Each structure stands twice: as C-alpha cells, then as structure tokens.
Amino acid sequence: MALTQPEPGGVLHGQGDPRTGPLRGTLATTACMETLQVGYLHAVAAAAGCSLSQPFPDNGIDWHLSHGAPEHVVDDEVTIKVQLKATYQIPPRPAGDTFGFTLDNEHLVKLARTPVAVHKILVVMLVPRERDQWLSAGHDRLDLRHCCYWTNLAGHPVTGRRRTTVRIPTARIFDDRALCEIMTRVGSGGTP
C-alpha cells in the first residue's frame, strides 16, 4: 500500500489550489477562532506550569487556570477564571495604549463583579481575517498569529444599553510570563 506524501508546502499533491492554499473545512470561522484561542491558552498554560479545567456547563466563564507553588501565601495552589474572546476586526499591533472591545452587558456584569473569591480575567485574541494566515510551522517553531491581550474588569461599569465597550491595554500581552506574574499576585493575596 502506498501512502501519499505531503508536498513541502504541506498540501497533498493534486489537492487544493496553489493560489489559495489547501482545501480547508467548512467549519464556521467563529468556531475556528474559538479553537485557535483555546490552543493559544493551552500553550501559555503549559509554559507557565498551570493546569486547566473547563467548567461544565460553562455559565459564562470558559476556563479555570490553577498555579501551584509553595511560595504562594494564600494557598499552595491558586486559581483564576478566564473568559476568552477573539476578533479579526482589530488589526495586529493596535495603535495606542488600549483598544476597544465590546461585550454584552450581561457578560460584563459577570466579569466585573467585585468582591470575588476567585478572580476573573478577560483574554482577547486578535487574529488575521484569513485562516491561512493564522499559523505557520517550521522545524524550529510554531507561530500563532496574532496576539492575545488580557485585562481584569473587576468593578468596570456598564455604560451601554445592551453592550459596553471596554478598553484592553496593549501592554498586557497574554503569555507565560504574564500568566506567572498574574498568579504570583493572586498567590500573595492581590488581584491579577
């Protein structure tokens, strides 16, 4: 039995159009964006040494991340709740100190509640509009595009009738170091 070998560019010989790339599935773009951001979250959690759990049903929060370290003051393992969002409507490397992201008020109320026993953060991923630009792989790396940013919305007011635009700081790139710093602050009794 002979197996078809992939071409150097990743497309099987005779499939897809070289001008448009490989034949992609018909899953909705928003569903694919959700899957991409979950992959990003998993990679960050793995590099930070965190465990992940997904509440079922989710009740408005996508993931729980836990970070164990004997240096934590409040407990040897601390947890935060993470809500993921993604958009292709904001270009990469947004200009300025923040960019606007609109949330349904019901969702904002959940993320803005204070005080809380378990802190929550919002993680927003900016992705290219075209799926063929979302990632590239080589022998020495896997690049996911573009970037995730995080914010703590505790105490944020609702200002719109049905939806409210919140400001996401561009300096708060969500990566393994940022997650470790968040967990260190929470582990010492502070906020993310």
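Arg163 is partly exposed, at a relative accessible area of 46%; the class lies between buried (under 20%) and exposed (over 50%), for a 1.4 Å probe and protein chains only. The model is predicted: local features need pLDDT of at least 70, side-chain atom pairs count only at pLDDT 80 or more, and totals for chains, interfaces and linings use all residues. Residues are numbered from 1 along each chain as its sequence is written, and side-chain values use heavy atoms, without hydrogens and water.

Arg163 forms a salt bridge with Asp104, with 3.0 Å between the closest N and O atoms. The pair joins distant parts of the chain, 59 residues apart: Arg163 lies in strand E9 (residues 163-169) and Asp104 in strand E4 (residues 98-104). Asp104 is also partly exposed, at 42%. A salt bridge requires a side-chain nitrogen of Lys or Arg within 4 Å of a carboxyl oxygen of Asp or Glu. By this rule the count is 2. Asp143 and Arg141 also form a salt bridge, at 2.8 Å from N to O. Here Asp143 is partly exposed at 26%, whereas Arg141 is exposed at 54%.

Helices (H or I, at least four residues) and strands (E, at least two) are DSSP runs, numbered from the N terminus. Five strands form an open sheet in the order E1-E2-E3-E5-E8, with mixed pairing; strands pair if DSSP finds at least two bridges between them. E1 and E8 are the edge strands, each with a single partner, so one side of each has no neighbour in the sheet. Neighbouring strands are turned by 30 degrees against each other on average, direction ignored. E2 and E3 run antiparallel and are joined by 6 bridges. Leu65 has Ile80 in E3 as its bridge partner. Helix H1 packs on the sheet and touches E1, E2, E3, E5 and E8; its direction makes about 150 degrees with that of E3. Axes are lines fitted to C-alpha atoms, for helices over the stretch in contact, and angles run from 0 to 180 degrees between N-to-C directions.

Buried residues of H3 are Ala178, Leu179, Ile182, Met183, Val186 and Gly187. They pack against H1 (29-48) and strands including E1 (50-53), E2 (63-68) and E3 (77-87); contact means heavy atoms within 4.5 Å. Asp175 caps the N-terminal end of H3, with a side-chain oxygen 3.3 Å from the backbone nitrogen of Arg177. Gly189 follows H3 and has a positive phi, near 95 degrees.

How values were computed
Polar contact = N/O pair within 3.5 Å; in protein donor to acceptor, adjacent residues only side chain to side chain.
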